[in-house]
Amino acid sequence: MNRRILSLALPNIITNITVPLLGMVDMAIVGHLSAAHIGAIAIGTQIFNLIYWNFGFLRMGTSGFTAQAYGAQNFDEAVRIFARAITIAVCVALLLLLLQWPISQLSLLIFKGSPQVLQLALAYFFVRIWAAPATLGLYAVKGWFIGMQNSKLPMWIAIFLNIVNIVCSLIFVLVLHWDIRGVALGTVIAQYSGLAVGLFFLVRKYGHLFRNYRNSAKLNIRNLLIDALHWNELRRFFKVNGDIFLRTVCLAAVFTFITAASSRISPAVLAIDALLMQFFTLFSYIMDGFAYAGESLVGRYIGARDSHSLRLSVRYLLRWGFLLTILFTALYAVGGEWFLRIFSDESSVIDGARQYMFWTLIIPICGFAAFLFDGIFVGATASRTMRNSMFIASAAFFALYFGGKALLFPNNALPDEHTWNNILWTAFMVYLSLRGLLQALFLRKSVYNQID
């Protein structure tokens, strides 16, 4: 079981690590142009994060459904799931393209900046938005591969995509001098290149499943789409993914609020908290790899009606989570300040961060179960429990933050920066802990009882 978990987790971890690398390269390229370009790429990237984050269900829902079909050896169903997911991805992408102008205007209301920064951000947006079909299509492709117990293909797609993006951006900006539009165009080309490679892998490795759909000698696209888009199947798809969407909205609300709350405390605290959140981000990249392994294995064993292997996989995943928690806690305790200096050489920020370093030691302890149970529940398509757990954890976060301020500082008195920020971090740790705890309490009912 350990070998199966690692064979799925390690490629996903490598895939996750490539994501920040690409962002760093894009920032390094525009960083040599002007400060306005840095602000513009940050705003433009955040716009697309807000758009695409909410459509993450195209990956998560697809992987859960596909893993269960794989476990049941129902490959016709797996084919229908892919056809359904890719069709919905294309439809959503076309809608985004049609609505690009109102989206751009709404973004101007959300994000603030100088006229030059906003003009550059919009230039970036109106080029990169044309990658929407490829980006959302890749969500469906990657989710399907993970559900088919194959994490290596998404890894190779991500590596290829990032190399293409870096090369194109360097050529378009430094050689052809296409400015910020060159960075955006590099992303567009990379996304379509990644989708093309993903579809190539799909045809090469799984083409026989599509050709043999319904024991036919020749794939009938029309019949496949009619089967895939049947109302009862669409209703189940949107029921599960609607819950995942609402969960993601809560997730985005909490993390957006953390940044907003830090900025209200002071610019110094905003910089400190942004630095400290890198500890959370690093841990999340590793744990997400094991969460994806959980999606694959749990879905597979539920589909196969294999109760013993299902329980064993959950047990081993939690053991890996506990082991990594000990490892990262020790790593942060010993090398925390060195890690800070990777991201900043500002002595005032590093000195300010030292008084909050104990929160970085708590992050793995509070967070590991939340990540792993998300993967387990996605694989089980137990989306309602995920949604409700997130509702409760998010409500607790906001209640503790605002209630803590009101209780400790009545009469609208402003707390000192240190206390105020500790209230924020306390609420965040409670939020992470509750997500894991609540899903652990419902593990038997929502996951095990599906086949017991």
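Trainee: What span should the 24 residues of α8 have, and how far apart are its end C-alpha atoms?

Mentor: This is a predicted model. At 1.5 Å a residue, α8 should span 34 Å, and its end C-alpha atoms are 34 Å apart, so the two agree.

Trainee: Which residues form the nonpolar patch on the surface?

Mentor: An α-helix has 3.6 residues a turn, so residues three or four places apart point the same way. Here the patch consists of I163, V167, L170, I171, L174, V175, L176 and W178, with about 700 Å² of accessible area together. One of them, V167, lies in α8, which covers residues 152-175.

Trainee: Is V167 buried, partly exposed or exposed, and why?

Mentor: Its relative accessibility is 43%, so V167 counts as partly exposed.

Trainee: Which residue just after α8 takes a positive phi?

Mentor: That is H177, with phi of about 60°. D179 also has a positive phi, near 60°, and is not a glycine. D179 belongs to helix α9, residues 179-211, and is partly exposed because its relative accessible area is 29%.

Trainee: Where is R305, and what is its phi?

Mentor: R305 sits in the loop between α12 and α13, with a positive phi near 55°. R305 is exposed because its relative accessible area is 54%.

Trainee: Is M287 buried or exposed, and what does M287 touch?

Mentor: M287, in helix α12, has 0% relative accessibility and therefore counts as buried. Leaving out residues up to four places away in sequence, M287 touches G321, L324, F368, F371 and L372.

Definitions and conventions:
Residues numbered from 1 in each chain as written. Predicted model: local features only at pLDDT ≥ 70, side-chain atom pairs only at ≥ 80, totals over all residues. Heavy atoms only, no water. Patch = residues over 30% accessible without salt bridge, like charges linked within 9 Å, V, L, I, M, F, W, Y side chains within 5 Å. Areas by Shrake-Rupley, 256 points an atom, 1.4 Å probe, with all protein chains shown as cover. Salt bridge = Lys/Arg side-chain N within 4 Å of Asp/Glu carboxyl O. Helix = DSSP H or I, 4+ residues; strand = E, 2+ residues; numbered from the N terminus. Buried < 20%, exposed > 50% of the residue type's maximum accessible area, 1.4 Å probe, protein only. Expected span 1.5 Å × (residues − 1). Contact = heavy atoms within 4.5 Å.
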